[in-house]
Amino acid sequence: MSLKFLAIGECMVEMAPTGEGTYAMGFAGDTLNTAWYARKCLPADWTVGYYTAVGRDQVSEDMLSFLKGSDLETSTIQKRDDRTVGLYMIQLKDGERSFAYWRSQSAARLLAADQDVLASALKGAGLIYFSGITLAILPPDDRKAFLDGLRAARKAGAKTAFDPNLRPRLWEDADTMRASVTEAAGCCDFLMPSFEDELAHFGDATPDDSANRYLAAGAGMVVVKNGPEQVVCAGAGSRQAFQPAPVSKIVDTTAAGDSFNAAFLAKYLSGGDVAESVDAGANLAGNVIQHRGALVACLEPALRGETVIRL
Ligand code: ADP
C-alpha cells in the first residue's frame with residue numbers, strides 16, 4: 001500500500017470571538033481536522049495530503065501556508081481565479097455558540113469539477129478520506145464524478161474511508177443526502193459514522209442497525225461511534241464492541257469524531273488490530289474533548305509517544 005493518506009473536503013476560514021467585536025482568524029473543517037490529527041498519529045514515512053480547491057487571493061494563500069505549516073502535502077490543491085475560500089463566524093450569546101456561514105460560492109465546491117484534475121489528485125494515495133460534507137458541497141454531477149473517481153482509485157489499489165457526518169442543511173434535501181451517503185458507502189473500505197446522526201437522519205434504533213445498513217450498502221468495515229457509549233466495529237462475519245474510557249471533564253466536543261477517525265485509521269494502517277485501533281481513536285478523542293477548539297496542539301508530544309498526557 002502506498003504510504004499516502006489523502007483527505008478531501010473543504011477547509012474554511014474560521015472567525016472566533018476574542019472580545020467585544022474582535023475575532024481571531026483560523027482555519028477549520030471536518031476533513032482538515034482528520035488530516036491534521038492523522039499527520040500527528042502516522043509514522044514519519046507516511047505523507048499526509050489535503051485536497052481541496054482555493055482561490056488565488058491572499059486569504060487562500062494564508063490557508064495554504066497554514067496547511068503546509070501543519071506538514072500537510074498541498075501540491076495537488078486546485079487554485080481558481082474565479083472563487084475564494086468559504087468562511088464561518090462563531091458568535092457567542094449568553095454563553096451559547098452559534099455559527100454563520102459564507103460558503104455557498106466557495107472554491108471547494110468545485111473540487112471535483114474537472115475529472116482529470118481530481119484523478120491526478122487521487123493518484124498515488126493509499127488511503128483516501130472524505131466525509132458527507134465533502135459530498136454535500138458538490139453539485140450533483142460532480143458528486144457522481146467524485147464517486148466515479150473513488151471507484152477508479154480503488155481499482156488501482158487505494159483504500160477509502162468515509163464519515164457520513166450527516167448535515168441535512170448542506171444538502172438539497174434529506175432524501176438526496178441519504179441516497180448519496182448510501183451510494184458512497186458502497187465505495188468504502190472504512191465507514192465511520194456517529195450514531196447520533198444515524199439515529200436522527202436514518203432512524204436507526206441501535207448502532208448495530210447502522211452497521212448492518214452500511215454493510216448491506218457495500219461498506220467493508222463499519223465503525224460506529226456513539227459519544228461515551230460503546231464503539232461498534234462490524235465487518236463481513238465479524239462484530240465487536242468496545243467501551244471508551246470515561247472522560248470526566250469535558251470542555252469542548254468539537255472534532256471528537258474527526259480525531260477518533262484519524263487515530264483509528266493511523267493505527268489500523270500501521271498494522272494495529274481493530275481493538276488497538278479503537279483504543280487509539282478513543283484515547284485521542286477523549287483527550288481532544290478535554291481542550292477547547294478542534295486542533296489541540298498540546299497533545300502533539302503524546303501522539304508522537306514522547307510523553308504521557310497529563311490530564
Ligand atoms: P462526533 O464528534 O462525530 O459526534 P462522537 O460524539 O460519537 O463523535 O464521539 C467520537 C468518539 O469520541 C467516541 O467514540 C468516543 O471515543 C469519544 N467521546 C465522545 N464523547 C465522549 C464522552 N462524553 N466520553 C468519552 N468519550 C467520548
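## The ligand shell

Helix α9 contributes the most residues to the shell around the ligand, namely three, where helices (H or I, at least four residues) and strands (E, at least two) are DSSP runs numbered from the N terminus. The model is a predicted one, in which local features need pLDDT of at least 70 and side-chain atom pairs count only at pLDDT 80 or more, while totals for chains, interfaces and linings use all residues. Residues are numbered from 1 along each chain as its sequence is written, and side-chain values use heavy atoms, with hydrogens and water left out.

The ligand has 16 residues around it, of which Ser194, Gly227, Ile250, Gly257 and Ala285 come nearest; a residue is near a molecule or strand if one of its heavy atoms lies within 4 Å of it. By class, eleven residues of the shell are nonpolar, four are polar and one is charged, with Ala, Val, Leu, Ile, Met, Phe, Trp, Tyr, Cys and Pro counted as nonpolar, Asp, Glu, Lys and Arg as charged, and the others, Gly among them, as polar.

## Atoms facing the ligand

An oxygen atom of the ligand lies 2.7 Å from a polar side-chain atom of serine 194. For glycine 227, a backbone N or O atom is found 2.9 Å from an oxygen atom of the ligand, and a polar backbone atom of glycine 257 is also 2.9 Å from a ligand oxygen atom. The elements that give two or more residues to the shell are α9 (256–269) and α10 (274–288).

## The eight-stranded sheet

Eight strands, in the order β4-β1-β9-β10-β11-β12-β13-β14, form an open sheet with mixed pairing, where two strands pair if DSSP finds at least two bridges between them. Its edge strands are β4 (47–51) and β14 (238–242), each of which pairs on one side only. Strand β1 (residues 4–8) pairs with β4 in the parallel sense over five bridges, and lysine 4 stands opposite threonine 47 in β4.

## The four-stranded sheet

Another open sheet, also of mixed pairing, is formed by four strands in the order β3-β2-β7-β8. Here β3 (22–28) and β8 (96–102) stand at the edges with a single partner strand each, so one side of each is left without a neighbour in the sheet. Strand β2 (residues 12–19) and β3 pair in the antiparallel sense over seven bridges, and glutamate 14 has glycine 26 in β3 as its bridge partner.

How values were computed:
A polar contact is a pair of N or O atoms within 3.5 Å; within protein, one must be able to donate a hydrogen and the other to accept it, and residues adjacent in sequence count only if both atoms are side-chain atoms.
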